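Thanks for making the time this morning.

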Amino acid sequence: MKIPPPAKRRHACALTAFGLVLSASPLHAQQPPAPVTAVAQQLLELETRGLPGRVELQISALDARNQLPPCAQLEAFIPGGTRPWGSISVGVRCESPVTWQVYLQARVAVINDYLVTARPLRAGQIVGPADITRRNGDLTALPDNTLTDPAQVVGHRTRYALASGNPVRGDMLRIPAAVKQGQNVKVISRGEGFQVSSEGRAMNTAAPGESVRVRMPNNQVITGTATTDGNVEVGF
């Protein structure tokens with residue numbers, strides 16, 4: 001048998017060792033889905049604290065056949081301007097040892113009582129306590145301006161005739177304006193892990209729950225929702 005020179009023997013050993021390392025390394029390792037779902041769940045639980053009613057969360061799992069490298073540091077986020085309400089996307093990004101980003105589909109349900117008409121109401125009729133009743137359901141499946149507090153309804157006139165069993169919305173009633181055109185308003189912007197307050201000038205009159213366009217000091221026009229205390233909320 002012919003013995004190779006020492007240099008060639010060392011080179012052959014190095015190649016063999018390298019081949020063993022390659023065969024033992026997880027070349028096709030995938031990111032386990034469970035940690036990705038868990039970090040998205042934790043973020044939604046945090047973001048939905050304080051919502052009125054019982055919150056139910058459903059999050060789609062990451063595809064087990066994904067080709068993402070395993071991640072040691074995961075971070076979940078909600079895209080800017082997205083409200084944790086109804087059907088949304090939740091982002092999860094890997095910070096280390098590699099970087100990648102995926103989106104999971106989620107459903108945020110908020111189960112609570114809301115108000116419906118207990119009988120047909122005429123246009124211009126003043127709503128009394130007997131004219132409304134409570135119903136329980138998912139608020140995210142209803143119009144954003146659906147009312148939940150009888151104090152928001154009783155004593156106000158209807159704008160038009162309402163059939164029995166209709167969810168009562170703020171725009172169905174002649175509710176005093178929370179924001180008036182030309183008024184300086186506090187604008188509250190919320191996003192991923194932050195809340196910022198600024199001031200602008202309302203471009204239209206709006207009752208609580210209605211849309212408001214606000215001109216900011218830099219002349220940018222943003223759209224938000226009027227609140228009962230006369231503020232404008234953006235990015236929920």
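Predicted model: local features only at pLDDT ≥ 70, side-chain atom pairs only at ≥ 80, totals over all residues.

If we set aside residues up to four places away in sequence, leucine 104 touches Val36, Thr37, Ala40, Ile59, Ser60, Ala61, Leu62, Ile88, Ser89, Val90 and Val92.

That brings us to the largest nonpolar core, which has 26 residues, and in which Leu104 is one of those that touch the most other members, together with Val36, Leu44, Val90, Val92, Trp100 and Val102. Which elements give two or more residues to this core? They are helix H2, spanning 33–47, strand S3, spanning 86–96, and strand S4, spanning 100–117, and it is S4 that supplies the largest share, with 8 residues. In terms of domains, the core draws at least three residues from domain 1 (31–108) and at least three from domain 2 (110–172). Apart from this core there is another one, made of 13 residues, including Ala178, Ala206, Val214 and Ala226.

Now to the aromatic side chains, where the structure holds 1 aromatic pair. The partners are phenylalanine 77 and tyrosine 103, and because their planes stand at 80°, with ring centres 5.8 Å apart, the pair is edge-to-face. Phenylalanine 77 belongs to strand S2 (residues 73–77) and tyrosine 103 to strand S4, so the pair ties together parts that are 26 residues apart in sequence. Are these two residues buried or exposed? Phenylalanine 77 has 6% relative accessibility and therefore counts as buried, whereas tyrosine 103, at 44%, counts as partly exposed.

Phenylalanine 77 also has a charged neighbour, in that the charged end of arginine 93 sits over its ring, 4.3 Å from the centre.

Finally, I would like to turn to asparagine 231, which is placed in the loop between strand S9 (221–226) and strand S10 (232–234). Asparagine 231 counts as buried because its relative accessibility, 15%, is under the 20% cut-off. Its side chain makes a polar contact with the side chain of aspartate 229, at 3.4 Å. Leaving out residues up to four places away in sequence, asparagine 231 touches Val179, Lys186, Ile188, Thr225 and Ala226, and Ala226 is a residue we have already met in the 13-residue core.

How values were computed: Residues numbered from 1 in each chain as written. Heavy atoms only, no water. Core = buried A, V, L, I, M, F, W, Y, C linked by side-chain atoms within 4.5 Å. Buried < 20%, exposed > 50% of the residue type's maximum accessible area, 1.4 Å probe, protein only. Helix = DSSP H or I, 4+ residues; strand = E, 2+ residues; numbered from the N terminus. Domains from an automatic or database assignment. Contact = heavy atoms within 4.5 Å. Polar contact = N/O pair within 3.5 Å; in protein donor to acceptor, adjacent residues only side chain to side chain. Phe/Tyr/Trp six-rings, centres within 6.5 Å; stacked < 30°, edge-to-face > 60°. Lys NZ or Arg CZ within 6 Å of the ring centre and 35° of its normal.
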